[in-house]
Amino acid sequence: LDSLADCCPVLESLDLSDVEGGGLSAALLARVQFPRTLAKLYIASGGRDVTDDALARLVLPLPRLCVLDLDGCENVSSAFFERLAANARPLQVLALANCPRVGDHALRAIADVTGPNL
């Protein structure tokens, strides 16, 4: 993952949801830079240890991101979604099952930015 942006500069979709044992740690993701062309990111249960800061560092620089699957990312909280809303990301798909730290307020903030397309 460390050299993903260099090896795949036009990558549009990345599925990390089956990383064995939820092995996407915040420390690992701190070293990764995704290509700016990335539009679909599936982390899901592979990211149980992913934090708000690690996710923001990866996702906020992606201007084309429209699909974000965080199902089972238990450490992601409303704070991440408030930052995402502040950066006006045009999400079309947002999957958040089993994300107990994400509250209604954050979801409303995302819906306000995204509108009826989400």
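Start by selecting leucine 70. Setting aside its neighbours within four places in sequence, leucine 70 touches Ile43, Ala44, Leu55, Val76, Phe80, Phe81, Ala95, Leu96, Ala97 and Cys99. Keep in mind as you go that the model you are looking at is predicted.

**Stop 1**

**Stop 2: helix 3**

Select residues 52-59, which form helix 3. Is this helix largely enclosed or largely open? Six of its eight residues are buried, so helix 3 is largely enclosed by the rest of the structure. Colour the buried ones to see them: Asp52, Ala54, Leu55, Ala56, Leu58 and Val59. What do they pack against? Show helix 2 (26-29), strand 2 (40-42), strand 3 (67-69) and helix 4, and you have the elements that the buried residues of helix 3 pack against.

**Stop 3: helix 3 beside helix 4**

To see who makes the contact, show the side chains of Asp52, Asp53, Leu55, Ala56 and Val59 on helix 3, and of Ala79, Phe80, Arg83 and Leu84 on helix 4. These contact residues of helix 3 and helix 4 divide into six nonpolar, no polar and three charged.

**Stop 4: helix 4 beside helix 5**

The axes of helix 4 and helix 5 come within 8 Å and cross at roughly 15 degrees. Helix 4 and helix 5 are therefore roughly parallel to each other. Is their crossing left-handed or right-handed? The crossing of helix 4 and helix 5 is left-handed. On the helix 4 side, the contact is made by Ser78, Phe81, Glu82, Leu84 and Ala85; on the helix 5 side, by His105, Ala106, Ala109, Ile110 and Val113. By class, this contact of helix 4 with helix 5 has seven nonpolar, two polar and one charged residues.

**Stop 5: valine 113**

Valine 113 is partly exposed, with a relative accessible area of 35%. Now pick alanine 88 as well and check the C-alpha to C-alpha distance: valine 113 and alanine 88 are 25 residues apart in sequence and 5.8 Å apart in space.

**Stop 6: asparagine 98**

Move to the loop between strand 4 (93-95) and helix 5, where you will find asparagine 98. Asparagine 98 is exposed, with a relative accessible area of 61%. Look at its backbone too: asparagine 98 has a positive phi of about 60 degrees, although it is not a glycine.

**Last stop: proline 116**

Finish in the segment after helix 5, where proline 116 is found. Is proline 116 buried or exposed? At 81% relative accessibility, proline 116 counts as exposed. Finally, select serine 25 too: proline 116 and serine 25 are 91 residues apart in sequence and 33 Å apart in space, C-alpha to C-alpha.

Technical notes. Residues are numbered from 1 along each chain as its sequence is written. This is a predicted model: local features need pLDDT of at least 70, side-chain atom pairs count only at pLDDT 80 or more; totals for chains, interfaces and linings use all residues. Side-chain values use heavy atoms; hydrogens and water are left out. Axes are lines fitted to C-alpha atoms, for helices over the stretch in contact, and angles run from 0 to 180 degrees between N-to-C directions. Helices (H or I, at least four residues) and strands (E, at least two) are DSSP runs, numbered from the N terminus. Contact means heavy atoms within 4.5 Å. Ala, Val, Leu, Ile, Met, Phe, Trp, Tyr, Cys and Pro count as nonpolar, Asp, Glu, Lys and Arg as charged, and the others, Gly among them, as polar. Buried means under 20% relative accessible area, exposed over 50%, partly exposed in between (1.4 Å probe, protein chains only). Angles under 35 degrees count as roughly parallel, over 145 as roughly antiparallel, 65 to 115 as roughly perpendicular and the rest as oblique. A crossing is left-handed if the near helix is turned anticlockwise from the far one by less than a right angle, and right-handed if clockwise.
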